[in-house]
Amino acid sequence: MDLNLIKNTAIGAAYKSAEIINNFSGKLTRVSKKGPIDLVTEADIASEKNIIAEIRRRFPDHEILAEESGLNQTGKSACRWIIDPLDGTTNFAHQIPLFAVSIAFAVDNEINVGIVLNPVSGELFTAVRGQGATLNGTAIEVSRQKDISESLLATGFPYDVKQMLDPVMLRFKQCIAASQGIRRLGSAALDLCFVACGRFEGFWEENLNPWDTAAGWLIAEEAGARVTDFSGNPYDLNQKEIMATNSHIHDELQSTLEI
Ligand code: IPD
Ligand code: CA
Ligand code: CA
């Protein structure tokens with residue numbers, strides 16, 4: 001498998017989607033709801049259609065798991081693409097320029113390529129397994145900070161947060177007390193990439209879906225991050241908890257998240 005061809009296909013599709021998304025900016029005519037606070041816009045749908053068409057053109061046998069259209073199983077290949085056509089839809093709908101196109105490629109359930117593109121800032125994060133991670137072509141690595149009290153953390157709130165406010169707020173409170181500060185960007189893909197390039201020392205969230213984390217997970221690990229569940233077990237895409245750190249503060253963040 002030519003992983004460079006895969007990476008370039010993903011990057012090409014993401015840039016095309018970025019253009020599609022930017023053309024919708026400030027011009028949305030319809031914002032629908034998948035749940036009480038879970039939005040989907042014309043831009044999400046158009047971006048996903050574009051990415052699927054680009055992949056299908058080159059790799060008709062590959063399986064595709066995409067947020068808005070679900071799993072397209074061909075039964076012919078161990079290769080699977082995992083796509084979030086617009087991660088950070090709520091930000092996009094409110095014209096906050098923090099959202100991303102996220103595309104990952106897996107063989108036999110192992111992610112081998114991940115790319116995350118912010119259509120507004122133009123920041124492109126990429127990783128190929130075993131080859132490190134980059135931001136706009138330059139190698140990136142996690143922060144070297146060893147002390148959680150000097151660390152900037154990030155988290156997100158799942159769409160069912162109102163059904164689990166107590167544990168979410170307790171963890172939030174404990175992390176505020178332990179750290180330098182907390183940010184809530186509104187895009188899990190960018191949160192993971194920000195850990196990868198050293199802007200955040202740590203990130204945690206629960207109830208994310210595979211398309212939210214697949215690309216950012218590889219980018220973070222390739223930049224030196226440790227990615228587990230809240231108990232320190234290795235992360236996988238079916239896991240409901242994710243904790244990604246620069247590795248140095250991992251144990252401290254893990255004990256801070258204990259409730
Ligand atoms: C959401 C974002 C957000 C996270 C939510 C996700 P979407 O993805 O990643 O940061 O807190 O849990 O569902 O719906 O904008 O693609
Ligand atoms: Ca998402
Ligand atoms: Ca999305």
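Residues are numbered from 1 along each chain as its sequence is written, and chains are lettered from A and ligands numbered from 1 in the order in which they are written. Because the model is predicted, local features need pLDDT of at least 70 and side-chain atom pairs count only at pLDDT 80 or more, whereas totals for chains, interfaces and linings use all residues; side-chain values use heavy atoms, with hydrogens and water left out.

The chain is divided into domain 1 (3-139) and domain 2 (148-257), with bounds that come from an automatic or database domain assignment. Their C-alpha centres lie 21 Å apart. The contact between them (contact meaning heavy atoms within 4.5 Å) takes 35 residues from domain 1 and 24 residues from domain 2.

The interior may be considered next. A nonpolar core is here a set of buried Ala, Val, Leu, Ile, Met, Phe, Trp, Tyr and Cys residues joined through side-chain atoms within 4.5 Å. Buried means under 20% relative accessible area, exposed over 50%, and partly exposed in between, with a 1.4 Å probe and protein chains only. In soluble globular proteins, nonpolar side chains tend to be buried together. The largest nonpolar core has 42 residues, and I82, I111, V116, F125, I140 and I219 have the most contacts inside it. Several elements each supply at least two of its residues, including β6 (100-107), β7 (110-117), α5 (188-196) and β15 (241-245). Such helices (H or I, at least four residues) and strands (E, at least two) are DSSP runs, numbered from the N terminus. The largest share of this core, eight residues, comes from α5. Both domain 1 and domain 2 give residues to this core, so it lies between them. A second, separate core of 28 residues includes I11, I21, F92 and V101.

Just after α5, G198 takes a positive phi of about 85 degrees.

The calcium sites share one residue. Donors are N, O and S atoms within 2.8 Å of the metal (3.2 Å for Na, K and Ca), and water is not among the atoms, so sites may look incomplete. The calcium ion (ligand 3) is coordinated by E67 (OE), D84 (OD) and L86 (O), at 2.2 to 2.4 Å. Along the chain these donors follow the spacing E-x16-D-x1-L. E67 lies in the loop between β3 (63-66) and β4 (70-72) and D84 in strand β5 (residues 79-87), so the pair ties together parts that are 17 residues apart in sequence.

The calcium ion (ligand 2) is coordinated by D84 (OD), D87 (OD) and D212 (OD), at 2.1 to 2.2 Å. The spacing of its donors is D-x2-D-x124-D. Here the pair of D84 in strand β5 and D212 in helix α6 (residues 210-222) links distant parts of the chain, 128 residues apart. D84 bridges the two calcium ions (ligand 2 and ligand 3), which lie 3.7 Å apart. D84 counts as buried at 0% relative accessibility, and D212 counts as buried at 9%.

Ligand 1 also involves D84. An oxygen atom of ligand 1 is 3.3 Å from an N or O atom in the side chain of D84, a polar contact being a pair of N or O atoms within 3.5 Å; within protein, one must be able to donate a hydrogen and the other to accept it, and residues adjacent in sequence count only if both atoms are side-chain atoms. An oxygen atom of ligand 1 is 2.7 Å from a polar backbone atom of G88, and a backbone N or O atom of A188 lies 2.9 Å from an oxygen atom of ligand 1.

Two backbone details remain. N207, although not a glycine, has a positive phi of about 65 degrees; it is found in the loop between β13 (202-206) and α6 and is partly exposed, with a relative accessible area of 27%. S247, also not a glycine, has a positive phi of about 85 degrees. S247 is found in the loop between β15 and α7 (250-257) and is partly exposed, at 31%.
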